[in-house]
Amino acid sequence: PGTGAPGWAATTTPATTTAATTPPETPPPAALPPGASERTPPAWLAIQRGHRAFQARDFDTALAAYREAAMSTPPVTIAHYFIGSAQRAKGSFDEAIESFRTVSRLAGDSDPGLKAKALFNIAMTYEAKMDLASAKEAWLEYKTWCTTHASIAGYPQTADERVAVIDAIRALNTAFEAVRQRIADRERQVAEDAAAAAAAAP
């Protein structure tokens, strides 16, 4: 009995002190996406989020993630490329063209391959918009860039093929327009003849 009290005090005092000084537990860090590490820049994590959203066809979420990457420091030029791709997928062709033009301007001679991709997509987006005149100009610009930068893996022959298709479509449209005009003229003449006949009737 004489030794019980000291023993009790000795065993309880450290436990009480420890409980009072133990910091609260913190939640574990969020799991990183596949292929990422703690050293992966935030901009590229945002791009990966954008890619996952794009694949799920959640283009608004993808755009938000890509824009986050585009506004990072230092800026990530290719983020504007992905922005343009998402905008085109949404059917926002004019916005997509502006985003691809931003890529073309920022890439310039420092990244001729990326600029070639931007020019290619400008031409494709004009075609999707059915602005064939602008599409032809864009394809010719793409071809010029590829032929003057032989080190890049461009496809100038694709530009030739697309220009030929565009010229054929525009020729058909011109021919059809002439046919439509002749039909309209004939219908108008028939109506005028009928009106004249009706007016001349007793």
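## Overall fold

Two residues are in contact when heavy atoms of theirs lie within 4.5 Å. On that basis, among contacts in the protein between residues at least 6 apart in sequence, 42% join residues at least 24 apart. The structure is a predicted model, and its secondary structure comes to eight helices and zero strands, so that from the N terminus on the elements read α-α-α-α-α-α-α-α. Of the 202 residues of the protein, 30% count as buried.

## Helix α2

Helix α2 covers residues 42-55; with 14 residues, α2 reaches 20 Å from its first C-alpha to its last, which is close to the 20 Å expected at 1.5 Å a residue. Buried positions in α2 are A43, L45, A46, I47, G50 and A53, and these buried residues pack against α3 and against α4, the latter spanning 78-90. An α-helix has 3.6 residues a turn, so residues three or four places apart point the same way.

After α2 comes R57, whose phi is positive, near 65°.

## The pairing of α2 with α3

Two packed helices are described by the angle between their axes and the distance between the axes. For α2 and α3 (residues 59-70), the axes come within 8 Å and cross at roughly 165°. Because an angle over 145 degrees counts as roughly antiparallel, α2 is roughly antiparallel to α3. The crossing in which α2 passes α3 is left-handed.

On the α2 side, the contact is made by A43, A46, I47, R49, G50, H51, A53 and F54, while α3 contributes F59, T61, A62, A65, Y66, E68 and A69.

## Helix α4 and its neighbours

Helix α4 has 13 residues and extends 19 Å from its first C-alpha to its last, close to the 18 Å expected at 1.5 Å a residue. The buried residues of α4 are A79, H80, Y81, F82, I83, G84, S85, A86 and Q87. The partners against which these buried residues of α4 pack are α2, α3, α5 (93-107) and α6 (112-128).

Just after α4, G91 takes a positive phi of about 90°.

Note on methods
Residues are numbered from 1 along each chain as its sequence is written. This is a predicted model: local features need pLDDT of at least 70, side-chain atom pairs count only at pLDDT 80 or more; totals for chains, interfaces and linings use all residues. Side-chain values use heavy atoms; hydrogens and water are left out. Axes are lines fitted to C-alpha atoms, for helices over the stretch in contact, and angles run from 0 to 180 degrees between N-to-C directions. Helices (H or I, at least four residues) and strands (E, at least two) are DSSP runs, numbered from the N terminus. Angles under 35 degrees count as roughly parallel, over 145 as roughly antiparallel, 65 to 115 as roughly perpendicular and the rest as oblique. A crossing is left-handed if the near helix is turned anticlockwise from the far one by less than a right angle, and right-handed if clockwise. The expected span of a helix is 1.5 Å times one less than its number of residues. Buried means under 20% relative accessible area, exposed over 50%, partly exposed in between (1.4 Å probe, protein chains only).
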